[in-house]
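Hi everyone, thanks for making the time.

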Amino acid sequence: MVYLTRKLEFSASHLYHNPALSAEENKRIFGKCNNPHGHGHNYTLEVTVAGEPDPVTGMVLDLKELKEILEREITQRMDHRFLNYEVAELKGQIPTCENIARVIWNLLEPKISKGRLHKVRLYETPDLYADCYRNGAHGT
Amino acid sequence: MNEALKMELGRRYRFSASHRLHSSKLSEEENRRVYGKCNNPHGHGHNYVVEVSVSGTVDPAMGMIANLADLDAFVEREVIEPFDHKSLNEDVAAFRENVPTTENVCKEIYQRLKHFPKAKLERVRVEETGNNTFEYAGEKL
């Protein structure tokens, strides 16, 4: 098995607010991430696909194809957007790193035509990231 | 929620500390041979990076595996405060006997963090320099 990883950056704004909680609880749980007008990050996404290289092309998955999938599914949907208001898949969820990573997994998994999606790692800052992978798969 | 998916949260922390690699089980000469310049008598220092990974279910009300403020406070109390700007050999009891190689530092940090009450500790990675990295995930690795 070979693991192929492609990186992608996008910039977006968000805020953490749960309407089921009081203003005070929101402030306590989410701290400055609850500031009403939101704030932004430069996100870095790493997408790992696992598979056997095709004996003819030597590729697990054509990088060009993966790039197009990422452009269509992620960049066009999330780059320079306010995640709470402009990304339908995040409606009703707090756009934390964990939830965005899971939405990205669910968007990408059905589109990977060769090999299979192994891991999604989303960095919100260089010091904070969320990993999403199939239960039972090793985490590397 | 997609139960087939596993979620982890990774967070990087930093501390600066000094250490000296010297084993009381070896002779002076063997210590010099094994540890080279890391055996220099007065020690030396590094800027360490600690990468902590925890897993768990994402609480739907918070959207989080664990509140970062809780994780930060726990790591600060258990690791950063006792290690930062300290001599690992002199100031951390675990390294009075144990040589503070980064392998041992990594295991000691794992032991200190494995009781984090809000999520499951998956692994600890320690970078001694940008070129040396050590990872410990308990005994399942």
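Housekeeping first. This is a predicted model, so keep in mind that local features need pLDDT of at least 70 and side-chain atom pairs count only at pLDDT 80 or more, while totals for chains, interfaces and linings use all residues. Residues are numbered from 1 along each chain as its sequence is written, chains are lettered from A and ligands numbered from 1 in the order in which they are written, and side-chain values use heavy atoms, with hydrogens and water left out.

Okay, chain A. What's in it, in terms of helices and strands? Four helices and five strands, where helices (H or I, at least four residues) and strands (E, at least two) are DSSP runs numbered from the N terminus. Going from the N terminus, the order is β-α-β-α-β-α-α-β-β. Chain B has four helices and five strands, and its pattern along the sequence reads β-α-β-α-β-α-α-β-β.

For dimensions, the C-alpha atoms of chain A fill a box of roughly 60 × 30 × 25 Å along the principal axes. For chain B, the C-alpha box is roughly 60 × 30 × 25 Å, again along the principal axes.

Now burial. In chain A, 49% of the 140 residues are buried; in chain B, it's 47% of 141. Buried here means under 20% relative accessible area, exposed means over 50%, and partly exposed is in between, with a 1.4 Å probe and protein chains only.

Accessible surface next, from Shrake-Rupley with a 1.4 Å probe; for residues, only the protein chains shown count as cover. Chain A comes to about 7,100 Å², and 52% of that belongs to carbon and sulfur atoms. Chain B comes to about 7,400 Å², with 48% on carbon and sulfur.

On contacts, meaning heavy atoms within 4.5 Å: take the chain A pairs with a separation of 6 or more, and 66% of them join residues 24 or more positions apart. In chain B, among contacts between residues at least 6 apart, 68% join residues at least 24 apart.

Lys and Arg count as positive, Asp and Glu as negative, and His and the chain ends are not counted; each charge is placed at NZ of Lys, CZ of Arg, CG of Asp or CD of Glu. Chain A has 18 positive and 19 negative charges, and their mean positions are 1 Å apart. For chain B, it's 20 positive and 23 negative, with the mean positions 2 Å apart.

On to the pocket. A pocket, on a 1 Å grid over the protein atoms alone, is an open set of points where a 1.4 Å probe fits, with protein on both sides within 12 Å along at least five of seven lines; lining residues have an atom within 4 Å of a point.

Which residues lie nearest its centre? Of the 21 residues lining the second largest pocket, those are A:Tyr16, A:Cys33, A:Glu124, A:Leu128 and B:Leu68. The elements that each supply at least two lining residues include helix H4 (97-108) of chain A and helix H2 (68-83) of chain B. The largest share, three residues, comes from H1(A).

Now some backbone. Most residues other than glycine have a negative phi. A:His80 has a positive phi of about 60°. A:His80 sits in the loop between helix H2 (63-78) and strand S3 (81-82) of chain A, and counts as exposed because its relative accessibility is 65%. In chain B, B:His85 has a positive phi of about 55°. B:His85 is in the loop between H2 and strand S3 (86-87) of chain B, and at 66% relative accessibility B:His85 counts as exposed.

Last, two loop residues. A:Glu109 is in the loop between H4 and S4 of chain A, and is partly exposed at 28%. Leaving out residues up to four places away in sequence, A:Glu109 touches A:Leu117 and A:Arg134. B:Gly56 lies in the loop between strand S2 (44-55) and H2 of chain B, partly exposed at 34%.
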